[in-house]
Amino acid sequence: LARRFAFEAAIRRNEYNDFEGALNWCNNGLALFPKDFHLLNISGALCLDTRDYSRARNIFIQLLPYEMKPGKKRSAILNNIAYADALLGDPDLLPEADAFSKEAFGSFPWVAAIVGTRGTVLVETGKLEEGIKLLRESIENHRHSRNKALNACHLAIAYVRLKDYGKADKHLKL
């Protein structure tokens with residue numbers, strides 16, 4: 001039954017861009033199954049979507065003890081924590097973002113979301129050229145336009161920091 005709530009939330013989020021409806025499905029499911037991994041995970045993703053980065057980070061941190069062994073789920077959790085850390089703009093969280101995104105990228109360097117997060121973290125830590133390379137790769141390999149747009153925004157930030165405003169503007173238009 002918990003998976004039904006998670007599945008409905010995922011459809012609302014991914015097919016209809018209905019973040020409020022997706023969050024309602026999550027909240028209803030979490031009321032019945034407060035420790036369900038899938039409901040918590042999609043709830044964290046929805047917090048990222050709605051720019052509640054602190055709450056997203058807290059949710060993903062809760063999931064980390066579920067997956068202590070290396071693998072796909074652990075890498076996804078680390079990736080999500082790293083992304084929230086990078087978006088929070090707190091310099092104290094950047095070492096964690098760097099370590100977590102590096103571990104996830106080391107395990108799954110072909111997954112576009114992980115590549116994009118690693119690129120974002122590298123941009124935030126001042127490694128602009130490395131970050132730009134990975135963000136470009138992520139844009140090329142992502143299936144979802146929303147994720148391509150997020151990577152383009154992070155590319156624009158990198159180019160602003162390099163004072164290349166023409167390329168920054170180009171990526172904002174993407």
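Modeller: Let's start where H5 meets H6: on the H5 side the residues are Arg74, Ser75, Leu78, Asn79, Ile81, Ala82, Asp85 and Ala86, and they face Leu94, Glu96, Ala97, Phe100, Ser101, Glu103, Ala104 and Ser107 in H6. Contact here means heavy atoms within 4.5 Å. Sorted by class, this contact holds eight nonpolar, four polar and four charged residues. For those classes, Ala, Val, Leu, Ile, Met, Phe, Trp, Tyr, Cys and Pro count as nonpolar, Asp, Glu, Lys and Arg as charged, and the others, Gly among them, as polar.

Before going on, some ground rules. This is a predicted model, so local features need pLDDT of at least 70 and side-chain atom pairs count only at pLDDT 80 or more, while totals for chains, interfaces and linings use all residues. Residues are numbered from 1 along each chain as its sequence is written, and side-chain values use heavy atoms, with hydrogens and water left out.

Back to the helix pair. Two packed helices are described by the angle between their axes and the distance between the axes. H6 covers residues 94-107, and H5 packs on H6 at an angle of about 145°, with the axes 8 Å apart. The axes are lines fitted to C-alpha atoms, for helices over the stretch in contact, and the angles run from 0 to 180 degrees between N-to-C directions. The helices themselves are DSSP runs (H or I, at least four residues; strands are E, at least two), numbered from the N terminus. H5 passes H6 in a left-handed crossing. Left-handed means that the near helix is turned anticlockwise from the far one by less than a right angle, and right-handed means clockwise.

H5 (residues 72-88) also packs against H4 (residues 53-63), at an angle of about 155° and with the axes 9 Å apart. H4 and H5 are therefore roughly antiparallel to each other. The cut-offs are under 35 degrees for roughly parallel, over 145 for roughly antiparallel, 65 to 115 for roughly perpendicular, and oblique for the rest. The crossing of H4 and H5 is left-handed. H4 brings Tyr53, Ser54, Arg57, Phe60, Ile61 and Leu63 to this contact, and H5 brings Ile77, Asn80, Ile81, Ala84, Asp85, Leu87 and Leu88. By class, that makes nine nonpolar, two polar and two charged residues.

The crossing of H3 and H4 is left-handed. Phe37, Leu40, Asn41, Ser43, Gly44, Ala45, Cys47 and Leu48 in H3 meet Tyr53, Arg55, Ala56, Ile59, Phe60, Gln62 and Leu63 in H4. The class count for that contact is 10 nonpolar, four polar and one charged.

Arg51 sits in the loop between H3 (37-49) and H4. Most residues other than glycine have a negative phi. Arg51, though not a glycine, has a positive phi of about 65°. Arg51 is exposed, at 66% relative accessible area. For these labels, buried means under 20% relative accessible area, exposed means over 50%, and partly exposed is in between (1.4 Å probe, protein chains only). Lys163 has a positive phi too, near 60°. Lys163 lies in the loop between H9 (145-161) and H10 (165-173), and at 62% relative accessibility it counts as exposed.

Ala168 is in H10 and is buried, with a relative accessible area of 4%. Setting aside neighbours within four places in sequence, Ala168 is in contact with Ala156, Tyr159 and Val160.

Zooming out, the protein chain has 10 helices and zero strands. The radius of gyration is 16 Å, close to the 16 Å that the globule rule gives for 174 residues, so the chain is as compact as a globular protein of that length. That radius is taken over C-alpha atoms, and the rule is 2.2 Å times the number of residues to the power 0.38. Buried residues make up 44% of the 174 residues.
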